[in-house]
Amino acid sequence: GQARAHFDRAQRATADPNLRALAGVALERLGRATLPPRTGTLISLAGGHDSNPALYTDNTVAGSRTGGDYFVEALGASTRNLSGNAALGWNAHGALVLRKYLDQGEFDLQGLRAGISRDTDSGVTQFSVGGDYSIVYFDGQLLEQAAALDAQVRTRLQAGRDLRGRYQLARIDGGSAYGHLDGWQQRISADTGFAWQRALWRAGYQLDIEDRRDLRQDGDFLSYSPRRHLLFAIAELPDVAGWRAEMRVEYRASRYRDPYRLDGGTRVLARRDDRYGLALRGSRGVGAGRRAFVEYSYYRNDSSIDDYDYRRGQLLVGIEVALEEAR
C-alpha cells in the first residue's frame, strides 16, 4: 500500500549501523500495514523490549555493557488524494516515527517525511512516480535529511498473483556531526506474490548501492558505502483461530567499497557482512478499525570485522488504528 511505499524512507535515511537497525524493524512493521489506496491514516502505538540497542558485539567487555532496554513508540502514515481518482491522480503522503527508550535515551529516534506522487491504475498495471523529503533526528540531533525520487510498477497476474518492481534514487546530507553520511543511494527491488497451501507468499530481491563521503580521521578510514544484496520471503496465514499470522525470513550480504583502516591505519581490513533475520507477527481485529498485534524479530550480523558482529532481538506489543476520510 501507499504507507509502505513511502514510510520505509525513514529506514533508508539512516546509514550508521546502529541507527539503521534501530529504525528498521519498527518502520518495517508499520510498512506492512495496509492503508486505503487513495486516502487514509494509520496510527500505531506500541511498547516493547530491545535486547541490544547499542549493537554490542559478543566480545564487548561485560562491565561496559548496558544491555537491553524497554521502549515506547508511535508511528503514523497518511495518504490524501489531491486530484483525480483511483485510475489517475495526484496523492500526498506523510509519515512520522517517534521512539523513546526508558533508560538509554541516547538511542531515541525521531523521523518525519512528506512527499507527492502521480499514480495510475489501468486495472492490470499500477504505476507510481513521485518524490519526497525526509529528515531524521537521533538523540535530538540531526542525523540526515534526504530528497528522493521513487518509481514503482505492479502488474496483476492470473490466480491472484502479482509482480512488483521499484527504483529509488536519494540525495542524502548528514547533520553537522554526520558529514561522512553525505552522498547518494540507489535502491532497485523486485518481488512477486502468490497463494499456495492456504498461505499468501511473497518473495523478492533488493539491491542497495551507496556512495557516501565516508569517514577519515586520525589515520583511520571507515567506509559507509556498501553494496547490499537482500533476499527475503514472507508467508502469511490470513486466519489462524481469528489471528493473522505472518513470518518473514531474510538474508542480506553487504560488501563495502573500500577497505577499512583501523588503529591509526595499521590494520587494513575488507568489510563483508552477512545478516540473517527472522520476524514473527500476529494480529487480530478488535473492532472499529483497530488491530492488536504482537511481534518478535531477531537479527544476527556476522562481519569480517569483529566490531560489527551483533545479535539483536525485539519484542513489540501494540495497537494499530486505521482512519478513513469520510466521503
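Modeller: Strands β17 and β18 run antiparallel and are joined by 12 bridges. Strands here are DSSP runs (E, at least two residues), numbered from the N terminus, and two strands count as paired if DSSP finds at least two bridges between them. This is a predicted model: local features need pLDDT of at least 70, side-chain atom pairs count only at pLDDT 80 or more, and totals for chains, interfaces and linings use all residues. Residues are numbered from 1 along each chain as its sequence is written, and side-chain values use heavy atoms, with hydrogens and water left out.

β17 and β18 make a hairpin, with six residues between them. One of the bridges sets Glu 295 against Leu 316 in β18. β18 also pairs with strand β1 (residues 40–50), in the antiparallel sense and over 10 bridges. There, Thr 41 has Leu 323 in β18 as its bridge partner.

Val 240, Trp 243, Val 294, Tyr 296, Leu 315 and Val 317 make a nonpolar surface patch of about 480 Å². At least two residues of the patch come from each of β17 (290–303) and β18 (310–323). A patch is made of residues with over 30% relative accessible area and no salt bridge; like charges are joined within 9 Å, and nonpolar side chains (Val, Leu, Ile, Met, Phe, Trp, Tyr) within 5 Å. Accessible areas come from the Shrake-Rupley method with a 1.4 Å probe, and for residues only the protein chains shown count as cover.

Leu 315, one of the patch residues, lies in strand β18. Its relative accessible area is 40%, so Leu 315 is partly exposed. On this scale, buried means under 20% relative accessible area, exposed means over 50%, and partly exposed is in between (1.4 Å probe, protein chains only).

Arg 300 forms a salt bridge with Asp 302, and their closest N and O atoms are 2.9 Å apart. A salt bridge is a side-chain nitrogen of Lys or Arg within 4 Å of a carboxyl oxygen of Asp or Glu. Arg 300 has a relative accessible area of 32% and is therefore partly exposed. Asp 302 counts as partly exposed because its relative accessibility is 29%. In the structure there are 27 salt bridges.

Definitions and conventions: Helix = DSSP H or I, 4+ residues; strand = E, 2+ residues; numbered from the N terminus.
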